[in-house]
Amino acid sequence: MAENTASDYGRTFRCVADMDEQFSAIAGLAGAQQSAIHRLTADDVLGDDGTGSLVTPFGYDCRRLLGMREDELATMPPVLSEVLQRDPRIETADVALTPISRSGQLVDVAMSVQCTTALGPFSFVKAVSELTASDLVGQS
Amino acid sequence: MTIFSDLLENETITSVRGRMTGYAQAAGLAITSWIVGDPAEQMLATFGTALYTARQTISQATRGFASLDTSTDPGDEDPYDADNVDLPAEAGFLSEHGKNVHDTERREATFATGFVTFDNSASALARTFSAESLTFTWTGGTPPSPAPTYRNSYDASIYTDAGRNVTVAARASLVIPIEAEEVGTRSNAGTGEITLTTSIVNATATNASPVLGTDRESATDYRERCRTASARLSLGGPDAAYEYLAKTNVDGTPLLNASEVAVNITRVQVSQESATGIVDAYFASPSGAAIAADVTAANANIEEQAFAVPDAITYTGAAATEVPITVSGTASLKSLPGVSSELARQAIVDALTAEFSAYDIGGKDQVAGAGVVYTEDIQAVAACSYAGLYNLQITAPSAATTALAKGEVATLTTATGNWTVTLVP
């Protein structure tokens, strides 16, 4: 199965944490942004890339950022940038990570993501706790 | 391809997904390409994986009961499933097929058992130990790696107290049974090769006789026993009845010899002298003549059954007579990375060993039970044993055939030193 070209991003289900009852769809740049979030919340996916080749690793589960030492956290933006650019629609990806502390304890990490695509740029700023549902099954 | 032949073969996951995509497109859905990890693509991947898993189960079940040849147990070579041989050996479709259709049980692997002499003669103190508290290890000769280990197994006549303990007096020794901790022939050790590993001051132990176990019966041998199982229904004593009873009890369980070890008889020849009322049977193992204990067990089992040995029949069963055939030769091999003369020679020896283990008692083209072994057949097997071998010539035996009389079984005498494989640049 061929990959989507940059000029034809197609349609898919709207689904970050969950789909809605109507199985609503999204298209174009919104789909690319949704896929970028998926790359940052799942290590692996089921199946292959359509040619029989396994897709491993697919992404990076950002929950692993929680509890990282600051010096180690500082090395992660290029890693996440490379993960995002595994999506052929994403041409560039800039990632900034900011630890969020309360009472001296690291409680969350804010991710600022800016990407460019052939259909234009998109960006989002979300904390790890916003991206991942607490009842998600843990990644292996 | 028929529906049935389709069911025998495993379908690949790629084929399953392709069909699902085709169904979706036939339903009018505009799907021609996918983004990996996309929710819609992952839903298709989920259903595809579920279908694939169900499809494999159907194929395996079909093969399991279609025939003995397509049916396998985990751990067997399976021409339809390359991963099956890597699974832990256990009962599966083949064992169930054999038991339920042919009333014949597959012989499972056994733990190597034997005896060691616990020697406390150098100690002024008595030693007390319980069953399964001591560890022994195969240390002599050339043990496999990691070396097999054994425990002192329980015997009510030795470990007599309530705590299953035994006391060996000072300056004394005691023969105790041991059992391997790993099932199968990997733990088979020769005389004097096992020693005490548990540290006990001034105490030692070793085995005065081999410690032996068996591997699971090969799928090939088991299928053969299943095929001859119907001979139990005979009332006329045909050949197949003797073949079956030489290695299997009437109830389908493997025949055991006096040492409680399954008989290692894989080949049987039965004479055809019905006019005289004399029936002679000859027995062989994969490596040559059957051992005396196996012959005794086979004869007792055969003679018990009136359908195999009717009244007015004089039956005699004996071990086949070995006829050693020394095989040697030369061959050439293109010198390439990974190609080795030593590996080629070993492959020749292994292939010939397997070939000879299947030769009928009496050989081929038998007349009144006497036949031959063709040197050309030996050459053909050796020539196909290692990829790239060419110009393989047999230097021994020099004759075109080796004659075997009734009751004689060919045994192979060859080693890597009997073969010259020349690497050609």
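Chain A exposes about 7600 Å² of surface, and carbon and sulfur atoms supply 51% of that area. Such accessible areas come from the Shrake-Rupley method with a 1.4 Å probe, and for residues only the protein chains shown count as cover. This is a predicted model, in which local features need pLDDT of at least 70 and side-chain atom pairs count only at pLDDT 80 or more, while totals for chains, interfaces and linings use all residues. Residues are numbered from 1 along each chain as its sequence is written, chains are lettered from A and ligands numbered from 1 in the order in which they are written, and side-chain values use heavy atoms, with hydrogens and water left out.

**Chain A from end to end**

Chain A has four helices and five strands, in the order β-β-α-α-α-β-β-β-α from the N terminus. Here helices (H or I, at least four residues) and strands (E, at least two) are DSSP runs, numbered from the N terminus. Of the 140 residues in chain A, 41% are buried; buried means under 20% relative accessible area, exposed over 50%, and partly exposed in between, with a 1.4 Å probe and protein chains only.

How confident is the predictor? pLDDT is its confidence in each residue, from 0 to 100. Chain A averages 83, and 85% of its residues score at least 70. Over residues 135–140 of chain A, though, pLDDT stays under 50. Where pLDDT is low, the predicted coordinates should not be read in detail.

**The nonpolar core**

A nonpolar core is a set of buried Ala, Val, Leu, Ile, Met, Phe, Trp, Tyr and Cys residues joined through side-chain atoms within 4.5 Å. The largest one has 26 residues, of which L65(A), L80(A), L84(A), L97(A) and M111(A) touch the most other members. At least two residues of this core come from each of α1 (28–39), α3 (76–84), β3 (90–102), β4 (105–117), β5 (120–127) and α4 (128–131) of chain A.

Which residues does L80(A) touch, not counting those up to four places away in sequence? They are L40(A), Y60(A), L65(A), V95(A), L97(A) and M111(A), where contact means heavy atoms within 4.5 Å. Y60(A) also has the charged end of R64(A) over its ring, 4.4 Å from the centre. A charge sits over a ring if NZ of Lys or CZ of Arg is within 6 Å of the ring centre and within 35 degrees of the ring normal.

**Rings in chain B**

Rings of Phe, Tyr and Trp (its six-membered ring) pair if their centres lie within 6.5 Å; planes under 30 degrees apart count as stacked, over 60 as edge-to-face and the rest as tilted. The count comes to seven aromatic pairs over all chains. Here are two of them.

| Pair | Centre to centre | Angle of planes | Type |
|---|---|---|---|
| Y242(B) and Y315(B) | 5.6 Å | 20° | stacked |
| F356(B) and Y359(B) | 4.9 Å | 55° | tilted |

Y242(B) in helix α6 (residues 239–245) and Y315(B) in strand β12 (residues 314–319) of chain B are 73 residues apart, and their pair links distant parts of the chain. Both Y242(B) and Y315(B) are buried. F356(B) is buried because its relative accessibility is 3%, and Y359(B) is buried at 7%.

Ring pairs also link F118(B), F129(B), Y154(B) and Y159(B) into a cluster. R164(B) lies over the face of Y154(B), at 3.9 Å from the ring centre.

**An exposed arginine**

R171(B) lies in the loop between β5 (165–168) and β6 (173–183) of chain B. Is R171(B) buried or exposed? R171(B) is exposed, because its relative accessible area is 54%. R171(B) is 48 residues from S123(B) in sequence, yet 5.7 Å from S123(B) in space, C-alpha to C-alpha.

Terms used
pLDDT is the predictor's confidence in each residue, from 0 to 100.
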